[in-house]
There are 4 protein chains.
Amino acid sequence: MCGIVGVSGISDAARLTYLGLYALQHRGQESAGIVAVDQDGTARSHRGMGLVSENFDDEMLASLPGDVAVGHTRYSTTGSTVLANAQPCNVNTRCGPLAIAHNGNLINAGAIKHELVSRGAIFTGSSDTEVLVHLIARSEAATVEDQIREALEQVDGAYSLVITVGRTMYAVVDSRGFRPLVIGRLGSSGIVVASETCALDLIGASFHCELRPGDFIRIDDGEVTHLPRLAPRPMTRCVFELVYFARPDSIVFGKSVDGVRRELGRQLAREQPAPGGEVVFAVPDSSNAMALGFAEASGIKLEYGLIRNHYVGRTFINPTQALRVAKVKIKFNPVREVIEGKSVVVVDDSLVRGNTSKELVQMIRGAGAREVHLRLGSPPITGPCHYGIDTPTRAELIGATHSVEEIRQFLGVDSLGYLSLDGMLAAAGKDTGYCHACFSGRYPTRTPEQLVQPRRDTPLIPTTA
Amino acid sequence: MCGIVGVSGISDAARLTYLGLYALQHRGQESAGIVAVDQDGTARSHRGMGLVSENFDDEMLASLPGDVAVGHTRYSTTGSTVLANAQPCNVNTRCGPLAIAHNGNLINAGAIKHELVSRGAIFTGSSDTEVLVHLIARSEAATVEDQIREALEQVDGAYSLVITVGRTMYAVVDSRGFRPLVIGRLGSSGIVVASETCALDLIGASFHCELRPGDFIRIDDGEVTHLPRLAPRPMTRCVFELVYFARPDSIVFGKSVDGVRRELGRQLAREQPAPGGEVVFAVPDSSNAMALGFAEASGIKLEYGLIRNHYVGRTFINPTQALRVAKVKIKFNPVREVIEGKSVVVVDDSLVRGNTSKELVQMIRGAGAREVHLRLGSPPITGPCHYGIDTPTRAELIGATHSVEEIRQFLGVDSLGYLSLDGMLAAAGKDTGYCHACFSGRYPTRTPEQLVQPRRDTPLIPTTA
Amino acid sequence: MCGIVGVSGISDAARLTYLGLYALQHRGQESAGIVAVDQDGTARSHRGMGLVSENFDDEMLASLPGDVAVGHTRYSTTGSTVLANAQPCNVNTRCGPLAIAHNGNLINAGAIKHELVSRGAIFTGSSDTEVLVHLIARSEAATVEDQIREALEQVDGAYSLVITVGRTMYAVVDSRGFRPLVIGRLGSSGIVVASETCALDLIGASFHCELRPGDFIRIDDGEVTHLPRLAPRPMTRCVFELVYFARPDSIVFGKSVDGVRRELGRQLAREQPAPGGEVVFAVPDSSNAMALGFAEASGIKLEYGLIRNHYVGRTFINPTQALRVAKVKIKFNPVREVIEGKSVVVVDDSLVRGNTSKELVQMIRGAGAREVHLRLGSPPITGPCHYGIDTPTRAELIGATHSVEEIRQFLGVDSLGYLSLDGMLAAAGKDTGYCHACFSGRYPTRTPEQLVQPRRDTPLIPTTA
Amino acid sequence: MCGIVGVSGISDAARLTYLGLYALQHRGQESAGIVAVDQDGTARSHRGMGLVSENFDDEMLASLPGDVAVGHTRYSTTGSTVLANAQPCNVNTRCGPLAIAHNGNLINAGAIKHELVSRGAIFTGSSDTEVLVHLIARSEAATVEDQIREALEQVDGAYSLVITVGRTMYAVVDSRGFRPLVIGRLGSSGIVVASETCALDLIGASFHCELRPGDFIRIDDGEVTHLPRLAPRPMTRCVFELVYFARPDSIVFGKSVDGVRRELGRQLAREQPAPGGEVVFAVPDSSNAMALGFAEASGIKLEYGLIRNHYVGRTFINPTQALRVAKVKIKFNPVREVIEGKSVVVVDDSLVRGNTSKELVQMIRGAGAREVHLRLGSPPITGPCHYGIDTPTRAELIGATHSVEEIRQFLGVDSLGYLSLDGMLAAAGKDTGYCHACFSGRYPTRTPEQLVQPRRDTPLIPTTA
């Protein structure tokens with residue numbers, strides 16, 4: 001997953017972009033970058049591995065002048081964890097200097113890359129976004145907008161994009177609308193584009209609108225122009241944004257994330273009650289709202305059973321397994337008084353590999369719980385995401401390889417209850433079409449397996465004749 | 001405030017100390033240090049400005065071998081923010097290599113320092129702890145233990161200490177018992193001393209006992225020996241540890257911090273109800289348990305109205321005002337759906353200067369609150385702490401300079417309710433004697449104003465005769 | 001100027017490359033980089049701003065496994081001082097992973113870049129080397145070698161290159177032979193390519209041969225294959241390599257650099273004697289050999305009149321004027337005993353802007369010199385270098401804008417003597433054809449002024465139709 | 001060895017001190033530090049491991065305001081390589097804030113430290129300088145000057161000191177005068193104290209005088225006051241300062257270092273001619289002047305046979321053997337043209353362990369030398385220095401354990417010639433008394449073996465009675 005920000009029409013755009021990225025830090029901690037464009041059209045950039053606050057300080061931001069800027073926080077979806085894959089991409093093309101920040105994942109990037117390479121294109125990293133840049137640069141369309149459109153017509157998958165070409169900014173969301181993108185206004189002429197509304201809030205911008213699937217807009221001198229939309233497709237918003245990824249204070253897909261999560265918790269209580277439960281508590285902080293909803297609907301008393309160490313990052317997001325294990329051990333501590341001798345209901349949003357939850361359950365038992373009942377605010381994850389979330393392979397997904405009873409035994413809980421697919425979608429809102437492929441296996445696009453994949457890194461040209 | 005850790009009788013003591021400091025990071029973020037003593041009695045140390053995790057990595061910990069170690073995290077109480085004041089102190093004395101980690105504050109350090117300097121003592125920093133080291137080193141008592149005792153008899157104020165002399169460790173708490181200190185056991189021979197039980201939990205040690213006021217113990221080869229206690233004084237445990245400072249998952253002064261905070265919240269609801277309130281929420285995370293208690297007792301629905309950015313540190317603890325303001329703006333974001341159009345009750349633990357709360361209230365009103373009712377889980381703070389908490393001067397304390405109605409107007413809330421002193425002490429538990437000087441002005445020791453203070457840094461000796 | 005290294009056919013190639021770059025540090029201090037290719041053909045790279053030793057340590061080198069590696073040290077010739085211009089370039093192309101290290105400068109890069117961009121090519125930096133990579137990748141020739149050849153046929157200017165495509169290495173020198181490149185052997189199968197022989201010495205490789213102008217070779221599994229040579233052109237070796245740039249312990253263009261410089265000094269003494277001179281000394285260390293030659297031929301006693309601070313870098317090489325001034329002041333100190341009351345002859349290799357020399361002369365006078373006679377081992381520099389040396393613009397070249405007498409007055413010396421063009425070429429060796437364009441204005445290629453230059457950074461495509 | 005600087009009576013004293021330390025970097029590369037005192041008498045300091053330029057930048061220097069400053073560069077003489085031993089010491093005493101920078105070594109520091117510790121003194125590091133600080137602080141004399149004097153009367157050994165107490169500066173040299181210390185003037189009121197005159201040159205100060213053995217001066221508001229001198233002792237200036245340590249552009253002990261070294265070279269040629277030698281060259285740069293003198297007196301032609309890599313530090317000075325070996329391999333490269341087929345005379349200043357020279361000789365033979373004749377500008381080193389130079393133990397000194405013929409065989413040279421003790425002293429100047437203990441074994445003080453040494457780190461006080 002990634003967080004993207006664009007700022008146009010207001011001075012010190014890089015500094016505002018920094019604030020926006022700061023608010024979107026939960027969407028990616030692997031790398032951070034900003035490209036700023038000044039009045040003369042000169043683009044300057046900085047990218048680095050790690051957090052936004054680790055890579056940018058006052059001096060660095062001062063070296064990125066201009067009233068147009070694009071920013072990106074990344075965690076690895078495709079491509080490995082190296083600086084060459086950090087975004088925004090910032091290159092010179094026939095359209096002028098071009099910067100691009102991409103949230104999502106293109107499923108046919110491999111095939112297109114193979115084709116581009118055979119026609120002499122050069123790739124500096126392994127990210128799918130670079131494919132898009134080449135398609136734009138090579139398009140022979142008459143205007144920049146048509147070049148972008150022509151490029152987008154060739155790719156398939158998930159993309160919410162902020163692009164600058166010279167001093168003009170574009171924002172676009174793929175026709176299925178997998179990933180969110182919102183527009184805000186700041187002062188008389190400032191326009192802000194961001195993955196979530198929480199970025200607008202920190203920047204101090206007012207919410208203007210959310211891009212619908214297929215929306216393609218141009219931003220120039222404080223003016224937002226809607227360009228013709230991309231060819232329509234069935235809407236498949238990513239339900240996992242609402243279940244886990246987005247910040248609860250954001251409005252995503254027209255809904256309060258907090259409100260959806262509370263409804264997920266209530267629905268979970270209705271579907272998977274925990275009759276003998278004496279207290280219910282969340283795995284903080286991602287499941288706080290769900291636990292609140294569960295308590296409301298079940299009548300079981302809400303407590304804070306786990307205390308989170310504020311000096312640790314978010315588990316899900318770190319790229320290596322080794323680090324995750326180490327961090328889990330130091331992330332939470334149980335509150336013995338709340339737990340001891342009780343039958344406790346633990347609410348979590350989802351279950352990926354199961355290892356973290358197993359350790360948590362052991363910790364809770366160690367604090368004296370008489371019974372542990374785990375309730376999950378989403379169905380078993382049975383397949384990978386091809387649209388931008390870095391889920392592991394099917395073999396590592398415990399929901400794909402084990403029955404609920406087997407998982408219950410593995411975790412060592414007295415009972416285990418998953419929310420149903422229908423229950424989740426009902427809570428998320430029937431008015432919206434969702435992608436729930438990682439739960440249901442119903443992928444809205446072709447899957448990588450269905451695409452003929454060229455062998456990676458095989459040269460097309462022999463060294464000697 | 002500071003966090004202190006001692007580990008004895010178990011290999012890789014520095015690594016365990018690191019874990020303990022990690023769990024106590026909330027007690028001080030200004031500097032961190034570890035001294036380790038190996039089998040030959042050689043002491044090695046590292047200290048640095050900033051967080052524990054910023055100063056220690058695997059390589060650094062490997063360079064601190066030994067089965068005895070002392071650690072410290074600090075924020076400035078006395079002395080300025082410089083490396084020279086980072087602890088543990090680590091010096092060579094006639095008793096051998098001595099390391100000391102101190103939580104608390106000595107009120108007569110200035111006068112003793114003046115006296116010591118006039119007798120030729122050298123001071124390398126400005127911390128009060130250095131005074132104690134000199135007193136120990138200069139004592140002519142026959143044993144190390146008597147030297148320490150003789151030194152402690154001369155100082156007044158708050159001190160929980162872990163001291164190593166050679167390979168022997170001592171732990172001691174002043175006779176009034178201002179600051180907590182607990183003992184745990186790890187494996188067959190490991191002894192762990194720490195400010196709070198949450199450090200034992202992360203290290204994996206089992207809770208053994210909490211030091212009572214005046215307790216003085218020696219730890220040697222896995223053996224804990226109780227030495228004669230210090231001369232008794234009335235017990236004045238710091239009530240602010242329970243209200244704000246300690247982690248909720250800790251047991252402090254024999255009580256669950258979480259449990260006390262919930263009772264503070266319930267008592268607050270009884271004393272200061274908010275009749276028309278539709279939702280109640282905490283200023284996370286320090287007030288979570290209080291808000292839960294308030295909701296329980298008041299029947300008003302608990303919500304999560306403020307979302308905390310996980311990538312920021314704790315406001316109270318940073319040494320400069322400039323940084324605090326900046327961080328407040330990026331620390332919280334309101335959840336509009338929870339707040340909009342409602343009469344909201346906001347629960348916070350205490351009010352220091354009032355600036356942060358004022359900004360918070362504005363943010364909450366900006367998210368559409370119809371009415372804002374602020375409820376505080378402690379009385380107005382009317383005076384500084386002389387025992388280790390870095391409260392500002394009286395002039396900066398809004399509770400010392402303004403009436404409750406004036407504060408209400410300053411903050412811009414519809415109603416403001418403080419918990420009473422009696423209510424706070426009742427919730428904290430009548431069985432324990434507390435220091436509540438910062439609320440009541442009743443200081444258990446002489447105050448600095450009552451002590452004749454020597455002029456600081458005035459040389460006693462002229463350059464020329 | 002840049003230093004380049006290639007290692008093939010021997011394990012730990014990155015570590016050997018590091019040593020080679022270390023020995024070539026004098027050729028560029030702005031950035032350093034290494035690309036290593038392992039047995040599977042996977043290429044890994046690291047580049048950074050600053051010295052080789054600042055960018056690479058044991059851990060970093062261990063992360064670059066493989067028996068094929070390319071390295072580069074750079075100072076800015078074309079392109080600005082940013083990481084995006086650091087080499088080696090490392091990209092994926094239709095030929096497979098391609099890395100390239102370039103010493104020299106292409107004079108028609110701008111025009112070709114304009115053409116490439118109009119055909120959809122993307123540029124990530126502003127270096128001329130990137131043009132070459134695109135030309136190779138886009139060539140439709142049947143083999144990699146023919147692709148490289150086709151690309152080289154389109155560019156004009158100076159290039160000594162080490163290229164890897166997959167695990168195959170190529171080394172090539174332009175047909176005029178501006179820049180040096182040598183081949184060495186290490187062990188039974190190791191081949192080393194480097195800008196100067198001093199790199200072979202440090203690596204421990206034995207000298208095998210120097211590439212002649214137009215040589216194009218392939219290195220594979222310890223085998224060196226001579227491919228058909230590039231189309232011949234008149235040989236124009238850069239004479240400034242011998243005068244100033246190369247290390248005196250290197251063999252360059254078949255000659256001992258030290259030997260040439262001594263002959264330059266002798267010739268200088270013959271052409272520009274200093275009759276009343278009592279002592280002669282060098283501006284260390286670049287003019288040491290010249291001063292020795294001058295002393296030999298003139299019979300004036302050699303001394304060490306200037307002591308160089310070992311903790312400073314080389315003046316000529318730092319990119320900004322501000323830094324140069326600051327460093328000059330701290331670089332040399334005169335030896336009063338040698339200078340005081342004497343008529344001194346100071347030998348330097350060349351004069352660029354004249355500011356540094358002026359300061360030097362003032363320092364020498366301040367140390368009590370009765371007379372100062374400056375002798376320069378090369379003619380006045382009257383024009384910029386277009387082939388890889390970062391000389392300033394003509395307006396800044398004192399030799400281009402002032403007469404010898406004016407320069408003498410500006411510097412404040414009693415006499416000033418330049419070596420003649422013929423004298424310099426005679427000392428360098430009549431058997432070799434040299435480029436002396438910066439002295440004589442006789443450029444062996446078209447100059448940038450003669451090429452129609454496209455306007456830089458002007459987009460070809462409008463934003464809207 | 002160490003370099004020390006004091007600046008008084010001129011604003012931005014820290015910046016001038018920085019320049020002075022920069023010029024004295026050759027005297028110590030292990031750590032660097034500056035203490036500055038402002039108009040109010042507030043002392044601020046920074047110390048760090050490594051070079052001056054690595055520890056101080058503009059921002060750091062700006063944080064050290066004031067018109068009085070003391071600086072120090074260190075390599076380990078006594079005490080281990082840790083920050084706690086970096087100087088200047090900066091402490092608060094009864095005289096006020098005291099800073100001290102020490103060049104030299106106290107031979108009875110151990111015994112005094114033992115005594116001080118038994119009287120309750122606390123030591124934070126293991127350097128001998130800390131002993132002096134305690135003695136000053138504990139002295140009960142009536143004035144600061146008498147306190148310093150009383151302290152100095154108790155210590156024996158080598159010390160050149162710059163001390164500040166409040167805003168008053170003192171400079172003092174022990175009565176034997178082991179280490180140099182000079183005074184310069186800058187502007188109308190600025191006074192500069194430094195180890196060598198090369199520091200005055202870089203600062204821009206004019207040379208005023210050199211301190212004689214036993215000189216004790218006070219510097220206050222641009223005024224230099226000579227205080228009564230220390231009790232006289234036979235003068236024993238360190239001859240090794242002239243042979244190796246000082247920079248050739250300095251005036252040390254009233255002599256031009258360059259001039260002395262040239263005379264050492266001439267004397268060496270007279271005592272140890274090399275009849276068949278065809279060329280003579282130095283091991284650069286420390287032996288440059290000696291080789292020049294040798295060439296002059298012998299008539300053998302001077303050449304540059306070894307090229308030094310400018311990007312490496314000085315061999316002698318790095319604290320660990322491992323690093324030295326690694327650096328030697330990358331420090332020099334032979335010039336084949338100069339050496340090949342010739343009988344070469346290599347001039348070096350001295351021989352310590354012999355390993356570096358052995359490697360050098362192998363390198364020179366590898367470059368084709370027919371014969372190698374090594375000539376050393378000082379006698380065999382047969383014992384350690386107790387006065388501040390970090391020579392290894394006797395067992396490691398090849399001159400102490402092997403005959404000249406054995407050393408010749410070990411090094412693999414055709415002939416080996418040492419300068420005689422008398423020859424060295426004659427070249428250094430008969431007018432000065434020298435310490436030549438490391439060559440002759442005639443130590444001017446008691447040696448550590450002759451002093452009863454207390455066991456290190458043994459506590460005096462039992463833990464329990």
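Q: How many residues of chain B are in contact with chain A?

A: Contact means that heavy atoms lie within 4.5 Å. By that rule, 40 residues of chain B are in contact with 40 residues of chain A. This is a predicted model, in which local features need pLDDT of at least 70 and side-chain atom pairs count only at pLDDT 80 or more, while totals for chains, interfaces and linings use all residues. Residues are numbered from 1 along each chain as its sequence is written, chains are lettered from A and ligands numbered from 1 in the order in which they are written, and side-chain values use heavy atoms, with hydrogens and water left out.

Q: What area do chain B and chain A bury between them?

A: Buried area is the accessible area (1.4 Å probe) that two parts lose on being put together, summed over both. Here chain B and chain A bury about 3500 Å², with 55% of it on carbon and sulfur atoms. On the side of chain B, the residues that lose the most area to chain A are Tyr304(B), His310(B) and Tyr311(B), together 23% of what that side buries.

Q: How many salt bridges and how many residue pairs in polar contact are found between chain B and chain A?

A: A salt bridge requires a side-chain nitrogen of Lys or Arg within 4 Å of a carboxyl oxygen of Asp or Glu. The rule finds 4 salt bridges across this interface. One of them joins the side chains of Arg262(B) and Glu303(A), at 2.7 Å from N to O. A polar contact is a pair of N or O atoms within 3.5 Å; within protein, one must be able to donate a hydrogen and the other to accept it, and residues adjacent in sequence count only if both atoms are side-chain atoms. There are 10 residue pairs in polar contact between chain B and chain A, both residues being at pLDDT 80 or more.

Q: Which helix gives the most to the side of chain B that touches chain A?

A: Helices (H or I, at least four residues) and strands (E, at least two) are DSSP runs, numbered from the N terminus. Helix H10 (residues 288–298) of chain B gives the most to that side, with 4 residues.

Q: What rotation superposes chain B on chain A?

A: Copies are superposed by least squares on the C-alpha atoms of residues with pLDDT of at least 70 in both. Chain B is superposed on chain A by a rotation of 180° with 0.0 Å of shift along its axis (RMSD 0.1 Å). That is the relation of a two-fold axis. In chain B, His310(B) has the C-alpha nearest the axis, 3.4 Å from it. The copies meet through the same surface, because 100% of the interface residues of chain B are also interface residues in chain A.

Q: How far apart are the nearest C-alpha atoms of chain B and chain C?

A: Chain B and chain C do not touch, and their nearest C-alpha atoms are 13 Å apart. Likewise, no contact joins chain A and chain D, whose closest C-alpha atoms lie 13 Å apart.

Q: Why is helix H16 of chain D largely enclosed by the rest of the structure?

A: Buried means under 20% relative accessible area, exposed over 50%, and partly exposed in between (1.4 Å probe, protein chains only). Helix H16 (residues 421–428) of chain D is largely enclosed because 6 of its 8 residues are buried. Among them are Leu421(D), Met424(D) and Leu425(D). The cover over the buried residues of H16(D) includes helix H8 (239–245) and helix H9 (257–271) of chain D. Just after H16(D), Gly429(D) takes a positive phi of about 115°.
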